[in-house]
Amino acid sequence: MNAAPTTLPTEPALTSYLLRHADDSLVHGQRLCEWVARAPRIEDDVALLNIALDHIGHARTLLTTVGEREGRGRSEDDLAFGRSEMEFSNARVFELPNGDFGQTVAKLVCIALWETELFGAWAASDEAVLAEFGSGAERECRYHLKYATTWAARLAGGTQESAERLEKGFAAVWPHLGELLVIDSLVTDLADVGVIPDHARVGAAWTARLYAELAGLGLALPELVAPAGPQGRQGNHLESFTSLLAEMQYLHRAHPGATW
Amino acid sequence: MSTYTEPLWEVFVRPARGLSHMHVGSLRASDAEMAVLSARDLYTRRSEGVSIWAVRSTDIASSDPAERGEFFETAATKPYRHASHYHVPDGLNL
């Protein structure tokens with residue numbers, strides 16, 4: 001890859017923007033991997049891990065692109081395994097512990113809806129990097145959404161316990177969703193020059209679909225608001241993020257450059 | 001696990017347009033929609049197919065394995081049922 005991308009006027013902002021979403025995918029995938037051999041049945045073990053692997057795939061593509069664009073010679077592995085906690089810019093909802101199956105389904109509904117809207121908007125972008133990634137990723141996330149909403153409907157309409165667990169799951173995820181509505185100067189600057197989609201519109205489309213989905217499940221939760229103060233995007237993560245990173249990175253740190 | 005609360009489904013996948021659906025395995029699911037979703041995740045994750053059928057296992061009528069003799073093995077002694085016993089006339093190009 002030549003050094004041309006780094007001379008674009010939108011740099012380094014676009015690379016930072018891509019890194020945010022690379023981190024979202026990586027951390028979401030890593031967290032979902034904790035379901036290996038623990039799902040309620042083998043059918044969902046495979047389904048959840050398919051979703052996890054799709055996200056690891058998204059992260060690999062985006063991290064590789066980030067490494068090429070920043071021009072510091074960092075590979076996808078360097079970025080995934082060589083950064084410390086505060087250098088990760090994923091939103092907190094992606095690192096949120098899985099909880100029980102009900103909470104994981106709730107989290108998947110919220111995230112898959114967000115990703116379908118965001119990546120769909122990327123797909124319509126004039127920026128080639130976003131358009132190419134967005135069209136492929138949006139199609140995958142539409143399946144994740146179908147899986148999550150199909151399960152959510154069954155939990156909501158199943159037993160009293162399944163309905164309660166789903167409701168508690170949404171309640172646990174809810175406080176961490178507002179961060180996705182934060183529009184900081186990085187996003188505004190890139191959107192103003194038309195490089196990335198308007199996040200206010202993405203956010204509005206996402207919340208409208210999310211509230212409609214909840215209404216269909218017979219649930220009602222407070223309107224989402226963007227929180228003030230530093231969150232995951234600024235490297236301010238939940239306490240549980242430390243152990244997630246430790247598990248993800250320890251092999252690479254213990255045996256740098258190891259191959260098999 | 002000794003008891004299942006969810007019914008068993010048989011999964012059929014069509015590998016490509018123009019081919020028939022083929023039986024690939026079975027799974028547990030609460031209903032038809034979940035069965036097709038699970039079948040997608042279990043049996044088509046390496047591009048195995050373009051279409052999925054899921055059928056409740058109890059809805060399939062099958063031959064009795066104990067009757068295999070009278071059902072199938074009698075055909076083995078009737079080679080004249082095969083088209084290979086027709087003679088192709090001389091001069092016919094196939």
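Q: How many bridges join strand 1 of chain B to strand 2 of chain B?
A: Residues are numbered from 1 along each chain as its sequence is written, while chains are lettered from A and ligands numbered from 1 in the order in which they are written. Helices (H or I, at least four residues) and strands (E, at least two) are DSSP runs numbered from the N terminus, and two strands pair if DSSP finds at least two bridges between them. Strand 1 and strand 2 of chain B run antiparallel, and the number of bridges joining them is 6.

Q: Which residue of strand 2 of chain B is the bridge partner of B:Val13?
A: Strands of a sheet pair through backbone hydrogen bonds, either parallel or antiparallel. In strand 2 of chain B, the residue bridged to B:Val13 is B:Met22.

Q: Which residue of strand 3 of chain B is the bridge partner of B:Val11?
A: Strand 1 (residues 8-14) of chain B is also joined to strand 3 of chain B, through 6 bridges in an antiparallel arrangement. For B:Val11, the partner in strand 3 is B:Ala54.

Q: Which strands stand at the edges of the sheet in chain B?
A: The sheet is open, with 3 strands in the order 2-1-3 and antiparallel pairing. Each edge strand has a single partner strand, so one side of each is left without a neighbour in the sheet; these are strand 2 (22-28) and strand 3 (51-56) of chain B.

Q: How many of the 7 residues in strand 1 of chain B are buried?
A: Buried means under 20% relative accessible area, exposed over 50%, and partly exposed in between (1.4 Å probe, protein chains only). Strand 1 of chain B is mostly covered, with a count of buried residues of 5.

Q: At about what angle to strand 2 of chain B does helix 1 of chain B run?
A: Helix 1 (residues 32-43) of chain B lies across strand 1, strand 2 and strand 3 of that chain. Axes are lines fitted to C-alpha atoms, for helices over the stretch in contact (heavy atoms within 4.5 Å), and angles run from 0 to 180 degrees between N-to-C directions. Relative to strand 2, helix 1 runs at about 115°.

Q: Within what arc do the buried residues of helix 8 of chain A fall?
A: In helix 8 (residues 185-192) of chain A, A:Leu186, A:Val187 and A:Leu190 are buried. The arc is that of the directions from the helix axis to the C-beta atoms. The buried residues line one face of the helix because, seen down its axis, they fall within an arc of 95°.

Q: Which residues are exposed on the other side of helix 8 of chain A?
A: The cover over the buried residues of helix 8 includes helix 1 (13-32) and helix 9 (199-216) of chain A. On the other side of helix 8, the exposed residues are A:Ser185 and A:Asp192.

Q: Which residues of chain B are in contact with A:Tyr147?
A: Neighbours within four places in sequence are left aside for A:Tyr147. In chain A, its contacts include A:Asp44, A:Phe101 and A:Leu108. From chain B, A:Tyr147 is in contact with B:Leu37 and B:Asp41.

Q: What is the relative accessibility of A:Asp24?
A: A:Asp24 belongs to helix 1 of chain A. Not counting residues up to four places away in sequence, A:Asp24 touches A:Ser89, A:Asn90, A:Ala91, A:Phe94 and A:Arg233. A:Asp24 counts as buried because its relative accessibility is 3%.

Q: What is the relative accessibility of A:Ala37?
A: A:Ala37 lies in the loop between helix 1 and helix 2 (42-70) of chain A. Although A:Ala37 is not a glycine, its phi is positive, about 65°. A:Ala37 counts as exposed because its relative accessibility is 70%.

Q: Over which residues of chain A does pLDDT stay under 50?
A: Chain A has a mean pLDDT of 94, and 97% of its residues reach 70 or more. Where pLDDT is low, the predicted coordinates should not be read in detail. In chain A, pLDDT stays under 50 over residues 1-7.

Terms used: This is a predicted model: local features need pLDDT of at least 70, side-chain atom pairs count only at pLDDT 80 or more; totals for chains, interfaces and linings use all residues. Side-chain values use heavy atoms; hydrogens and water are left out. pLDDT is the predictor's confidence in each residue, from 0 to 100.
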